Every structure is written in C-alpha cells, then in structure tokens.
Amino acid sequence: MQRSILFSRDSKKAVDVVETEQGLEIQLRGQADSKSVYFQGRLNKMLSYSEGKPWSLQSVLLDNASIVAEEQSIRICGKTKTLDISMELAFDEQQLLRLNVTWANWTERLLSDVAVGILLELPEREKEIVTIPHMIYNNNPSSDPDRIVPRLGVGAGKGFVCEEHRLPIPCVNMEWAECEVPRYISLFSIPTCVESEDGIVQYGSLGAIRHNNRTTAAAMSGVLMFNGEQDVVYVGKSKTSPYNGGYLDFPPGFSLSKQYVLDWGTLPQTGWGFREVVHKALQLFDPQGAKPLSVEQIIRLKTNALDDRWRFVDGAAGYVKFNDTNDFGNVSRHPLHFLYGWTGQCLKLAWCDAKLGFDDGEPDRIERCEQAVDFYLRDSITSVPGVRNSSYHLDDRRWDNFYIQKEAVISSRAYGETIADLAEIVLLFQSQQRQVPVHWLAALRESADFFLNGTLSSGIYPAAWQLDGQPADELITSAGIPCLIAVLKAYRILGDKRYLEQAEQIMQRYYELHARTFERPFARSTLDAKCEDKEAGMYFFLAAFELYVVTKRQEYKEWAEVSADWLLTFVYMWNPAFDKGAKFTEANFQATGWPGVSVQNHHLDVFFPTFDFWQFGRLTGNSGYETIGRMIFDAMGQGICTKPGEWGFTVVGEQGEGFYQTHYHSRGNANNWNPSWVIALALYNALKFREANGT
C-alpha cells in the first residue's frame, strides 16, 4: 500500500494520498490530525469523462495508478481505456493547493464531443451554503420563483455549470458546520481558453450539483448545465437557449491541461465562506484593471453628458433619464421624463452639477441644482406628508410612480436614494457656506419622520409603500436600506437623536436578517430583477460605513468589511479573452475590475461605490479596499464615448448600461441603453476622487 502526505509550508494543511483496495484516495486535512478531514474522495470518482452528446458526469476507471512523491509535490499517473491522466498536487506560498491535471488521448482514434473534468463530492448533509460568485448565493432564496435564475437541486441533472467567463471569480465555495465549527472548501479554476481557427474562444466551465443532500463541485472542460438541463445556456433576463458548444475533440496524441486550486479551513462566522473566496482570489489573480482615462478626463466627458440631460420646461427643472440627442434618438422610446433615484438619479445629477459649479467657479450650475431641487420639493408632494411621487413626464406635465401588479407604489430604494441625495446637496451647500433654503430642511425632516414610522413589523423598511403611506407588502428585502442612509444623513444635518437611534435599531435588524449568516443574502434592490443583487449589498455597505463614521463603533466597521467582501464577489478579478472581431477584442476591453449586476442580470455595469471603498480603506487603514476601490473606478473608464461615433453614441460622454462579458445578449459587445444613472454614478465618484487627491 502506497501512501504520500504533503504539508503546506505553515503545516496547517495537509493532503494525503492513500492506496486502498478501491483505488487511490485523496484526503484534505487541516493538519496532521486525521480527525480534521475536510474532503475525502476516491480518485476515480474525482475524475469525470464522457464522450458524445449530451455529456454526463461519469467517473473513470483508472488502471495502473501510481504515486510519485517528491519533496514539495505529489504526482499521480494512471490510464483509462482512452486517456492517460496525470495529476500533480503542490502547495504554493499562500498555502493553497495547486492541482494540475492533464488528459491525453493515447489511442489511435478520434475522441469526439469529449467532456472531462474534476469533481469534489462532499458527504451527505442537510444544510450547506454554496457560493458561486455572481450566480449562486445559498441557492438564491429571495429570487422570484416565477423567474429563471441559477439554482441547484432542480431539473434532471440537479445542477448548474456555467462558462468560466460568466464568473467574476471562477470558484465554487461550499460551507457547512461540523461540531458547531463553520468549515469550508473552495475549488478555484484558473481560466484558460482554446481558440479555434476562426477565432472563437472557448473556456472551461464550473459549477455544482446538489442531489440527495450531497453537494458536488464540478470543474469541466466547457460543457454547460443550467438548472439541471445539459447543453443549456442563460442568454438574457430570465431566458435560456440550447447550447452546442463546450465539447472538445481529442485527436490521437492531443492533450488538455488545466490548473485548479483548492483551499479549505474554518470560519469565524457561519455564512462567511465567500470572504475566503475573495481574499484568496486577490492572491491568486492579483487583479490589475485598465486605466484608459484620468479623473479629469472622466469629469470632462461625463459633464458633457450631464449637460445634455438638463431640461427646464415650463418651470419643470431636472435631468432626463433618457435623452433624444444621439443619432438613434430616444433608445427607451419613453417620453422624456425625470426619474428620482434608481435608474434616473435626478438629484444625484443635481449634486454633481452644484459640485462642478463650486469647484470650477460656475454659478449657473449651482443655480441649476437649486432649480432642480426646488421643482422636486415643490411639485412632487402628495396628500400624505412625507410621501412623494417618483417621476415627472415633461410632455404632459404628469407625475407618476412605480407599479406593483398595476398598483402605484413608492419604491423605498428609489425614494431613500433621493432623500439621501437631497441631504448630500444640503451638506455640500453648508460646506461652501451657501445658504440652504429653509424649505429644503423642512422637506428633509418631513421625509425622515416618514421613514421613522414607515417600517414593517420585522423592523425593516418595506420594498415599497402604497400612496397612502402603508407598506405594499411584508416581504423581507434589502431594498429599503437607502432610507436608513437618508435618516442618518438627516441626523448629521438636523441633529435629531431619534434619527440616529432608529437608524441603529433598523441596521441591527438588517444585519440579523441578512449579514449575520447570509442564509438570506442581500436581495431585491434592483427593482426589475427581484433577486440577490449587488446593489442591495452596496447600500448595506454604505449604511454600515456611514454608521461607523458617525459612531466610531467597531461592529459597524466589521459589518462594512463583511458587506464589502460580499460586493467583491461580483467584481471581475481576471480578464476573459473574446472572439476575433468582437467589439471588446477590437477595443482591447478588459473586464478586470468591472462588477456584475445580479443573479438574474449577468452583465457588467458601472454601479459601484468606488470612492466609498477607497475612502473606507483609507479611513480604516485597510489598503486592500483603498486599492481595489480605485482600480474599479479606473477600469470603468472604458466604454465612454470620447468622440462622436464611439461605442454607438454621438453625444460625447455617453456610456452604455450593459457590457457583455459572457453569453448574455451579445458576448464581447456593449449596448447603447443609456439611463442617466450611468452618468450620475461615474461623475459623482470622479468628483469625489478629484476632491480627495486631485488625480
């Protein structure tokens, strides 16, 4: 019986390869103590091979397997009826186990439509938390059951396996509790691609299967499975399509090599396995994003786009969500309108205008901000104090709102954002010693008071209120966190201790419901998606950061760090290659640093608190957040129209909402859907960076 043990350099991890009557067995342990086994599996069940369509997960029969132990590695070799398979295991300097696997066709015949891979099957457990970045967060419990999103344990195949380029971090993290100690194991795939003669790029694939209370991480050579269906790909919001790709042909003598990384250990808190994914990914991939433009260039370009959105018509003042001045006209086909919060961000644009006015000595911009705020506060009121309408249509001078099942509602996310932006404008004016109109402060107080009394029995804000001020439903979501931020900012301005006290109480409830264990991850902030999404986590981070600044309590710093790491599961740590002739290939677009959107919307966009990440890192002495916050900001300078005709726009400074890094709509291309938030978020962050360090 052969046996080889390999220890990490810090001796905290060990891999044990043992020859048994059933074949070679691999154990991953926490230390030399055999009781701390994180994974135990027979090699023939860890290797998968199938030939023909549709593919299947089939274990291999490995003959004449041998173990070669060297000082810092273990090499395993064996043969099947068609393949020579070799596997080398070695710990790197970060105590991560590198796993290099090669499959080679030793026969004289062509092996067609091959799917190979490695499998990590965990023991039967009733409860595990699986994280697949951007795709699966504890099986997406808050996603609308009537919409199509990735799921485990459904369909004939019970799994989800997607392209590596769909994953910001190509990793499957599985977490469980053993003797009340949270444990995890992560399988990373180091992305590699095969390019065909006509320039089509194919990457490997990664995912998991959940069947009979057993979870199996599956790293494959490119074949896909969506919600239990082989050869199906997710191509758009709640849409799938048949997929014929992912298979490989192995001519005689052809070999395929692939590198994986395994990490395992204990966790300080249940549900926080995703943090290990992020921290290890930063080590593995060392992300370096593009920096096509300076801060000043981004400000100049986005300011031009901002000016194009300004409208003053019959006393109505603001910034239209969609414009009609590009050659393609109004891409939304909706009449010109102001939208406050969410995809409109009308008052955030007003803040940007005023900030430009103060910084650059342009009083007309400050006046435009005042006109926009005055119009909103004067004309958006309803019969219920503190309840305001959400949008204004210029063509028929009509106020409108969001709708749930055809019933008009006030979105807590959009309304909270708007009042938080009003508070930011007040703070900006105060910092410049410019008089703040009394009615602005009265409106801020009225909205904050409404938020004080507008919570659910669960202690958090509803996703929406009816126009009479009553909650539209009792769903537990993260959507209303911007209201908490607005209340905190009102406290800073008005000094009413009730605001701080209730903000802390509500934040505690959000933490307990979402971030303590992440059994219910942040969800339903993206109003058209109804699922786990980046923006829900983003506002939790901003609220925790705001509370930390106000109170200096360490728990809020920790909450901000936890949610920051959750946000980073959506951020690309690597740069996929694209097909020959794709727009991204021609433009040398680099996805590194760009965040995805949600488990339903699998594209990239620029909605991210880049400056706040940077500022939080600087304030707390965490250079990691500081560095990555700036890297993300710089990377998102790509895709901005710098001259008429670029990226499909004629208005300089425009930028599309969706960038398609994977098979979602059109891989390797961007759209020209241009809601005004794309201007507001980028310009806001750029102005903050310029103020902080000038570059």
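Trainee: What is the handedness of the crossing of H9 and H11?

Mentor: The model is predicted, so local features need pLDDT of at least 70 and side-chain atom pairs count only at pLDDT 80 or more, whereas totals for chains, interfaces and linings use all residues. Residues are numbered from 1 along each chain as its sequence is written, and side-chain values use heavy atoms, with hydrogens and water left out. A crossing is left-handed if the near helix is turned anticlockwise from the far one by less than a right angle, and right-handed if clockwise. On that convention, the crossing of H9 and H11 is left-handed.

Trainee: Why is H9 classed as oblique to H11?

Mentor: Helices (H or I, at least four residues) and strands (E, at least two) are DSSP runs numbered from the N terminus, and axes are lines fitted to C-alpha atoms, for helices over the stretch in contact, with angles from 0 to 180 degrees between N-to-C directions. Angles under 35 degrees count as roughly parallel, over 145 as roughly antiparallel, 65 to 115 as roughly perpendicular and the rest as oblique. The axes of H9 (residues 497-515) and H11 come within 12 Å and cross at roughly 45°. H9 is therefore oblique to H11.

Trainee: How do the residues of the contact of H11 with H13 divide by class?

Mentor: The axes of H11 (residues 554-568) and H13 (residues 610-620) come within 12 Å and cross at roughly 140°, which means that H11 is oblique to H13. Lys 557, Ala 560, Glu 561, Ala 564, Leu 567 and Leu 568 of H11 make the contact with Phe 613, Phe 616 and Thr 620 of H13. Ala, Val, Leu, Ile, Met, Phe, Trp, Tyr, Cys and Pro count as nonpolar, Asp, Glu, Lys and Arg as charged, and the others, Gly among them, as polar. The division is six nonpolar, one polar and two charged.

Trainee: At what angle do the axes of helix H3 and helix H15 cross?

Mentor: The crossing of H3 and H15 is left-handed. By class, their contact has 12 nonpolar, one polar and four charged residues. The axes of H3 (residues 295-309) and H15 (residues 677-693) come within 9 Å, and the crossing angle is roughly 140°.

Trainee: Is Lys 489 buried or exposed?

Mentor: Lys 489 is found in helix H8 (residues 481-494). Its side chain is joined to that of Glu 546 by a polar contact of 3.2 Å; such a contact is a pair of N or O atoms within 3.5 Å, where within protein one must be able to donate a hydrogen and the other to accept it, and residues adjacent in sequence count only if both atoms are side-chain atoms. Buried means under 20% relative accessible area, exposed over 50%, and partly exposed in between (1.4 Å probe, protein chains only). Because the relative accessible area of Lys 489 is 8%, Lys 489 is buried.

Trainee: What distance separates the C-alpha atoms of Gly 454 and Pro 471?

Mentor: Gly 454 is found in the loop between helix H7 (438-452) and strand E33 (464-466), and at 4% relative accessibility it counts as buried. Gly 454 and Pro 471 are 17 residues apart along the chain, and their C-alpha atoms are separated by 7.5 Å.

Terms used
Contact = heavy atoms within 4.5 Å.
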